Structures are given as structure tokens and as C-alpha cells.
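Open the model in your viewer and keep the selection tool ready. This tour goes stop by stop.

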Amino acid sequence: MLREEIKSNLKNVVSEKRYRHIIGVEETAAHLAKKYGVNEEKARVAALLHDYGKEMDIFQMQKICAENFPLETIEYMDQGEILHGYVGAYLAKKLYNIEDEEIIEAVKYHTTGKRGLSLLGKIIYIADSIEPGRIFPRVEEIRNRVYENLNGGILFECSEKIEYLLEIGARIHPYTVEMRNWLIEMEKKEK
């Protein structure tokens, strides 16, 4: 089974702490998939792959991204936080022959989000933030909101993330801003 193969291999490429996080994301993604009508198997596979390349050497990440995603990653070559999603998408295809574009998209954009992200992509994005091992201010409020309304919960999380990045003077990826604006547009249309 693909999931068992990925889990087994993960133990060789990430630390025990990272592995626990990934399993937490897998379980959270599975719960959200059930709640919001997404294929649970796809959610589990995407969750297992989302941080597959997270602990890879930055130079390896840069090489993979320069060769496979040069236009999207050129401005972020010094940020493994951004690059590892792209690396995970690349490894999903290369190591596991995954061609399902929903899974690839979910892995690629799990850190930044993006406008038009699929339902699976939204689930992986937010599961990464709210898995049980995550402890940060307002995480419980985000969890509650996500289980009440997925888009509303992601919008709240996204706004919190942007506010935090502004406070610490960090760069904000334009995809995150675009996703927030898109979710606001969707919310207005629903009212």
C-alpha cells in the first residue's frame, strides 16, 4: 500500500519530531476530508508527503526548484519554508509516480496557499497549521472555526499568519495574500 511505503520511507528522511507532526497532519486531514466530502485516501497521501523534503539540505532544495519550478521559486531561493512544498511535489512524482494534480497542488502550496486552491489543497494547508501538536496563540480558535466553516477558518488563520509575519518583519508570499483576498470574495458572495 502506498501510504505504508511513504510512512516507512519518511522515517529515513525526517526527524522523529517531524514524523510526529506529519502523522498529526495526516490524521487531521483525514478528519477534515470526512467532514467536507474529500477523498480520505488522497488527503492522507498528500498529508504524508507535505513535509517529505522539509529537512533536506537547502542546496538540494534550491537545485530541485531551479530545475523544476524556476519561475515560482526564484525570489524565494533562500527560504526553505517556501521551497520544501515544491520539493515535496517533485518527490511525490519522482519517488511515488503520483500524477494526481490535486495531490501535487496540495503538497506544493501547503505553506503559502494560493487563489483557487482545491478543497484538498485547503485541507492540507489548514491541517498543517492545526494538527494536535501545534501550539500557538489562537490555535484553538482556528481549530473551532475550521470545523464550523472551512473557508472561514482558513481566512481567519491566513489573516493571523499575515499579521504575525508583519509583526516580525518577515516577507509575505503573494500567494498567501491572494488566497486571503479570494476567500474574502467567496465569503461576500455567500452572504
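Angles under 35 degrees count as roughly parallel, over 145 as roughly antiparallel, 65 to 115 as roughly perpendicular, and the rest as oblique. Axes are lines fitted to C-alpha atoms, for helices over the stretch in contact, and angles run from 0 to 180 degrees between N-to-C directions. Helices (H or I, at least four residues) and strands (E, at least two) are DSSP runs, numbered from the N terminus.

The model is predicted: local features need pLDDT of at least 70, side-chain atom pairs count only at pLDDT 80 or more, and totals for chains, interfaces and linings use all residues. Residues are numbered from 1 along each chain as its sequence is written, and side-chain values use heavy atoms, with hydrogens and water left out.

**Stop 1: α8 and α9**

Select α8 and α9. Their axes come within 10 Å and cross at roughly 150 degrees. The two helices are therefore roughly antiparallel. The crossing is left-handed (the near helix is turned anticlockwise from the far one by less than a right angle; clockwise would be right-handed). Now show side chains. Ile126, Ser129 and Ile130 of α8 meet Val139, Ile142, Arg143, Val146 and Tyr147 of α9, where contact means heavy atoms within 4.5 Å. By class, this contact has 6 nonpolar, 1 polar and 1 charged residues. Ala, Val, Leu, Ile, Met, Phe, Trp, Tyr, Cys and Pro count as nonpolar, Asp, Glu, Lys and Arg as charged, and the others, Gly among them, as polar.

**Stop 2: α2 against α9**

On the α2 side, pick Thr28, His31, Leu32, Lys35 and Tyr36; they meet Val146, Tyr147 and Glu148 in α9. This contact divides into 4 nonpolar, 2 polar and 2 charged residues.

**Stop 3: α1 and α3**

Go to α1 (residues 2-13) and α3 (residues 40-49). They pack at about 15 degrees, with their axes 10 Å apart. That makes α1 roughly parallel to α3. Their crossing is left-handed. α1 brings Leu2, Arg3, Ile6, Lys7 and Leu10, and α3 brings Glu41, Arg44, Val45, Leu48 and Leu49. The class count is 6 nonpolar, no polar and 4 charged.

**Stop 4: the pockets**

Which residues lie nearest the centre of the largest pocket? Select Ser129, Glu157, Lys161, Tyr164 and Leu165, from a lining of 31 residues. A pocket is an open set of points on a 1 Å grid over the protein atoms alone, where a 1.4 Å probe fits, with protein on both sides within 12 Å along at least five of seven lines; lining residues have an atom within 4 Å of a point. The largest pocket holds about 860 Å³ of space. α6 (80-96), α8 (119-130) and α10 (150-167) each give two or more residues to its lining. α10 gives the most, with 7. The lining has 11 nonpolar, 8 polar and 12 charged residues.

Last, select Ser15, Lys17, Arg18, His21, Glu55, Glu131, Gly133 and Arg134, which line the second largest pocket. Its lining has no nonpolar, 3 polar and 5 charged residues.

Key
Points joined across faces, edges and corners; volume = space filled by probe spheres on them.
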